[in-house]
Amino acid sequence: MLKPNMHYTELKDSYLFNTIYRKTAEYQKAHPEAKIYRMGVGDVSRPLCQTVIQALHQAVEDQASMRNFHGYMPESGAPELRRAVSEYYKRFGVHLGADEVFVSSGACDDLGDILELFDQDNTVLVIEPAYPEYVDTNILAGRKVLHLETGADNGFLPLPPADRKADIIYLCSPNNPTGAAYDREQLKAWVDYANGQGAVILFDAAYEVFIEDPAIPHSIFEIEGAKTCAIEICSLSKTAGFTGTRLGYTVVPRLLERMGVNFNTMWARNRETRTNGVSYILQKGAAAVFTPEGLEQIQRNIAVYKENARVLMAAFDRVGIWYCGGKNSPYIWLKCPEGMGGWEFFDYLLNEIQVVGIPGEGFGECGKGYFRFSAFGDPDDTKEAADRLCKLLR
Ligand code: PLP
């Protein structure tokens, strides 16, 4: 008899987002005149930059012409785009071959697919609070997940645990949800730990473009030894507003091998089997991001989000609330005031000032008592929300 993948029954349901949606909708129904300030969602609000739009239009025209039409694209990405990404890494002092860069439809897709390179018996280490995808994809694959809990005492940036071993280690820096970011020395400790036990780090760099502090690496490959123990997954979603356009890239170094098996070769083979590539049009749009004009123009949107983060941070500074993130990240992770739980704080903010954020428990047990705000909203709304927060929490 057919057996379904019973690991689906082990997943937590989308209780958090459903509940946020339901509570907000109920409030709106009861107060139809009220404007709700949605400071929770991690989706961008600003349009794609002009250079990207032009490239997308041009690519659509190409598809209408006998001469320039493109059919299937190479599974691992157009050579020009792979080269453009490898050129981009030179900014961080990282030298990659274009064949070490793989184009994807977004980080989320590759966070799932990449696990096909690992045996089911491998043990996984996830630092919590965490982006839920890391845990869910491994539960579905039937892997054992160890949770490394963190807190304000280590700034939500734990170092490798001397008492625990793992085969696959997730690091996300700058972090979603905490906004905390590892410096070079801390990342070096993780790289040494991984190399020391033959583990592989899956480094999620989805928010690298928000880094402004020179002590914070943009890529794990800035750290000596990382090419023998890490895979980096990145995305244009937050970098260039591609959440609805969809394009990402994954770096698998040629030096990464275990038991005589090369991960770069395996991933290239995986791509041949699992995808027919990302559309020509989107790859053209993505390549435009990496041109000098594109890189300059995306910074204008990033500057808007960074200003939003500063406005929110200033509000929390004024009322004396502990938080981390915000500086090298679009997320601000704060301690709920007066010992409130995440949901209590959620209800309080919604009912009193119509501001919506995300209770920390949505990102794991140790997120309890914390709350996430996002800086991806509209600037005027963010200012109004910050004013309301100041007045309420003073
Ligand atoms: N990784 C992290 C940490 C994220 O926060 C997100 C999206 O919010 C993703 C990956 C997924 O990005 P993409 O839109 O490229 O699938």
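A polar contact is taken here as a pair of N or O atoms within 3.5 Å; within protein, one atom must be able to donate a hydrogen and the other to accept it, and residues adjacent in sequence count only if both atoms are side-chain atoms. The model is predicted: local features need pLDDT of at least 70, side-chain atom pairs count only at pLDDT 80 or more, and totals for chains, interfaces and linings use all residues. Residues are numbered from 1 along each chain as its sequence is written, and side-chain values use heavy atoms, with hydrogens and water left out.

**Ligand site**

The ligand is surrounded by 15 residues, a residue being near a molecule if one of its heavy atoms lies within 4 Å of it. The closest are A107, D204, Y207, S235 and S237.

| Residue | Protein atom | Distance to a ligand oxygen atom |
|---|---|---|
| A107 | backbone N or O | 2.8 Å |
| S237 | side-chain N or O | 2.6 Å |
| K238 | polar side-chain atom | 2.9 Å |

Taken alone, the ligand exposes 400 Å², and the protein buries 91% of that. Accessible areas come from the Shrake-Rupley method with a 1.4 Å probe; for residues, only the protein chains shown count as cover. Two or more residues of the shell come from each of α4 (107-113) and α7 (236-239), and α4 gives the most, with 3 residues. Helices (H or I, at least four residues) and strands (E, at least two) are DSSP runs, numbered from the N terminus. By class, the shell has 8 nonpolar, 4 polar and 3 charged residues. Here Ala, Val, Leu, Ile, Met, Phe, Trp, Tyr, Cys and Pro count as nonpolar, Asp, Glu, Lys and Arg as charged, and the others, Gly among them, as polar.

**Overall fold**

The protein has 12 helices and 15 strands. Its radius of gyration is 21 Å, which agrees with the value near 21 Å for a compact globule of 394 residues; the radius is taken over C-alpha atoms, and the globule rule is 2.2 Å times the number of residues to the power 0.38. Along the principal axes, the C-alpha atoms fill a box of roughly 55 × 55 × 55 Å. The protein exposes about 17800 Å², of which carbon and sulfur atoms supply 52%.

Of the 394 residues, 55% count as buried (under 20% relative accessible area; exposed is over 50%, partly exposed in between; 1.4 Å probe, protein chains only). Among contacts (heavy atoms within 4.5 Å) between residues at least 6 apart in sequence, 73% join residues at least 24 apart.

**Helix α5**

Helix α5 (residues 133-140) is largely enclosed by the rest of the structure, because 6 of its 8 residues are buried. These are E133, Y134, V135, T137, N138 and I139. Their cover includes helix α4 and the strands β3 (123-128), β4 (144-149), β5 (168-172) and β6 (200-204). After α5 comes G142, with a positive phi near 80 degrees.

**Two further positions**

T245 lies in the loop between α7 and β8 (248-251). Its relative accessibility is 17%, so T245 counts as buried. Not counting residues up to four places away in sequence, T245 touches L48 and L282.

E293 belongs to helix α10 (residues 292-319) and counts as partly exposed, at 43% relative accessibility. The C-alpha atoms of E293 and V52 are separated by 9.4 Å, although the two residues are 241 apart along the chain.
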